[in-house]
Amino acid sequence: MSKMFYAKLAVSNIKKNGKFYFPYILTSIGTVMMFYIMCFIFTNDGISKMTGSVYIKTIMIFGTVIIGIFASIFLFYTNSFLIKRRKKEFGLFNILGMDKRNLARVLGIENLIVAAAGLIGGLLCGILFSRLMIMILAKLLKFNISFGFQISIYAVAITFIVFIAIFILIYLNTLRQLHFAKPIELLYGSNVGEREPKTKWVLAIMGAISLLSGYFIAITTDSPLAAIGLFFIAVLLVIIGTYLLFIAGSIALLKILRKNKGYYYQTNHFTTISGMLYRMKQNAVGLANICILSTMVLVMISTTVCMYLGLDDALRNLYPRNIEVTAQSISVQDCQYLNEIIEKTLSESKNSSIDTIKLRYLNFMVSQKEDSLSFVSNGVYLNNEATAALFIPLDEYNRINNSSLSLKENELIVFLKKTAIGNNVTFADKNYKTIKLTDDTGLAKYTSIKYSDNYLMFIAPSEKAIMNIYNSIALDKASNTNLNYYYGFDTNVNSASQLELYNNINTALNNSKSIHSDQIYVGCAESIREEFLTIYGGLFFLGIFLGILFMMATVLIIYYKQVSEGYDDKQRFEIMQKVGMSRTEVRSTVKTQVLTVFFLPLIAAVIHIAAAFKMITKLLEALNLTNIILFAWCVLGTVVAFSLIYALVYSLTARAYYKIVE
Amino acid sequence: MTILEINNLKKIYTTRFGSSKVQALSNVSFSVEKGEYVAIMGESGSGKTTLLNIIASLDKPTSGEVLLNGQNIVSISEKEISSFRRDNLGFVFQDFNLLDTFSIQDNIYLPLVLCGKSYDEMNARLKPIAAKLDISDILSKYPYEVSGGQKQRTAVARALITTPQLILADEPTGALDSKSADSLLSLFENINNEGQTVLMVTHSIKAASHAKRVLFLRDGEVFHQLYKANMTKQEMFAKISDTLTVLAAGANNKQENKIK
């Protein structure tokens, strides 16, 4: 046989199986392209010059690894699908006299063609789109730089090596499948597995338990810190639950429906239930894949969009005022000096302050035993019994709130956040009567107490009373000899001027020797904005990018499912017509089944998102994003957009399906 | 009483682009009385399957009419044709055409479910039929778990359960071993003896020798017919055999005539 024969055969095989090969090649091109672009970004010189380029690089390397892993899983999946479909063809070749070595050679050439098309096409597209992508990224990060048209040799090399390795592994896997198959098995390869599925009650129940406990964790977790730790457990439980329920739960449910004779033997239900049983057996894993991927797309896009859009909110939560000065353990007199220095610097730079907040306070950790509070030493802050306590003198409270509350010496006003306390509270045997407050009047956010999930806020009659309480319970090495002080204000100048002001205040305070304080810290939201922007913008970019990749995967799985379903259904469709179902009846029962099968994962994904909603808001809270309404809109928008795309993909692939069936 | 009457049936297949035409049926006329058992024989390409498809209302003739109980099924609208087929015709196919997704019982119920019958009624109908066809024990099994003969008996049960006017069988013994084929043929005979009209298309002389009348089709026309009357199966077998020889020879003669 001439050498050209194999090549010709390979080319004609690819052409003949275009329905399966074409999407496979497209997937290869797509994944190669995305991989290259990611590599390109983290190797790019322009990006390296940015502030916070370390974050961007870390995020993009992370993205590259994810794309690499995902691409290999995904290409393996599509290829194994292809091989399964073609087993009969291999069997025929085998019987016509091509031995396995010849077949391996043909398959090798086919793989080579696909790999070449994928790599060349993918790299070309990647080079073409990399500039656009980097422009988009720069735009997202509000970073002005003109990127020239570049080809990163380094990125090309990495992409080339990684994908050649993937394609070689895929080819070896194909050979393995071919090697272990007998000709007769090859010939009937795609016909096996028609048996009725067994009900696996244990798996179904385990799936339900796993899913529900995942949901339970997601819904009952209240603290952001706990959410970080539990999130992965919940995700894992939900993933396991999804797979088990799709695989075993669906079949158990259908069998229960089938046992109900009155329900089952109705024209509409009869063919649908039995058809669904068969379909679920064939497709459960694929559908669970689609469901998990869809959920990932939804979570990723909605959270990263929310983080990006909520950047200002996050900064505002971190810094309630544009510029803030916090001083630890400072006397009333020194506060005056501090005020003077800040106001002098402000007037020197011809700036004025808006919404100035000055607050004297004291905060420390306490441990609560019923209504008795004692001091917690530094070492055990993370102990669950520790609660943050904030003390504010009554005159400060009245001044800021323009109120005229009064307190007796043995009284404390208390605001409780997720804690409980009785009508009396005891500090080292001294009893105070408590007056409950339902609102913290926004004071807590100026102190570090805002990072705690649960805290106690006390308003005491005087500064002296606060220090008395503190000294009565403090341990030997108590750190505070005085109250702390917060001075924060907004400005109406631009970011650069704010930064200048921030630096001036910093220098002025550093140079002043007259102030006695343990520590003075000056903060400015603008000083960390860029850092936040690179992280949030980078994650946003990655979220969208991976979202598109996963979406591509979802689309492809749906397409392959539709096409293979089509071939399986063709025969059943014909029989039903012969037995006396009209064309429209067959069409409607097939439509019900196909619709159920393909929209089930989407519905499940939306339910997952709904269950995860609260937990994700907690996670975002840990990132200082407390705008739940914004997140709700992001989720809603993502779900609607994704559903539309999903429906569009479905209707396009459904056309391919009906073409085969009819 | 005439149950099926076929008048001047003609079917011409046109290829996709209309360049060539194939005449599958040129002019077929015959009738079937109620309670008859008619076999239609002929070589491949003689138009047997086309004829059966037209009677089954799966295909439309180019011209001519098919009267079932006096109703011309050619003119029934596409919408009503399925329910008409369901109510009046029963089918038995060579490759059984059972659905793997249904158990044997559900396969038999299928046409009744499509008619919207209640489970109790279906169950009541199934019992005597299953007993008669000896498939009572396998009702809960699946088509891939039973033998070919059992599959075909299931198909017969599915055809019988709607109590159709006419049972159409397309090579029913084609995929069966000789023992199963024999039992199926005697089954058809029994059903026929109980008054069921059967129309069977077959290649097999043995299968045809069970029928009360055999029609021979050649080149889209009814070439000859044989009545069994009082003949034994063996005599009928010999007679059919002879006729087929004549048929084949006739075809040869025709060819020779052409050459001359």
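Student: What is the mean pLDDT of chain A?
Tutor: The mean pLDDT of chain A is 84, and 95% of its residues reach 70 or more. pLDDT is the predictor's confidence in each residue, from 0 to 100. This is a predicted model, where local features need pLDDT of at least 70 and side-chain atom pairs count only at pLDDT 80 or more, while totals for chains, interfaces and linings use all residues. Residues are numbered from 1 along each chain as its sequence is written, chains are lettered from A and ligands numbered from 1 in the order in which they are written, and side-chain values use heavy atoms, with hydrogens and water left out.

Student: Which helix of chain A has the lowest mean pLDDT?
Tutor: Helix H7 (residues 183-187) of chain A, at 64, whereas helix H8 (residues 201-220) of chain A has the highest among the elements of that chain, at 93. Helices here are DSSP runs of H or I with at least four residues, and strands are E runs of at least two, numbered from the N terminus.

Student: And chain B?
Tutor: Chain B has a mean pLDDT of 84, with 95% of its residues at 70 or more. Over residues 254-260 of chain B, though, the pLDDT is below 50. For the model, ipTM is 0.74 and pTM is 0.77.

Student: OK, the interface. How much area do chain A and chain B bury between them?
Tutor: About 2300 Å², with 64% of it on carbon and sulfur atoms. Buried area is the accessible area (1.4 Å probe) that two parts lose on being put together, summed over both. In chain A, Tyr265(A), Lys578(A) and Val579(A) lose the most area to chain B, together 29% of what that side buries.

Student: Which helix gives the most to that side of chain A?
Tutor: H17(A), with six residues. Helix H10 (261-264), helix H11 (267-309) and helix H17 (525-579) of chain A each supply at least two.

Definitions and conventions. Contact means heavy atoms within 4.5 Å.
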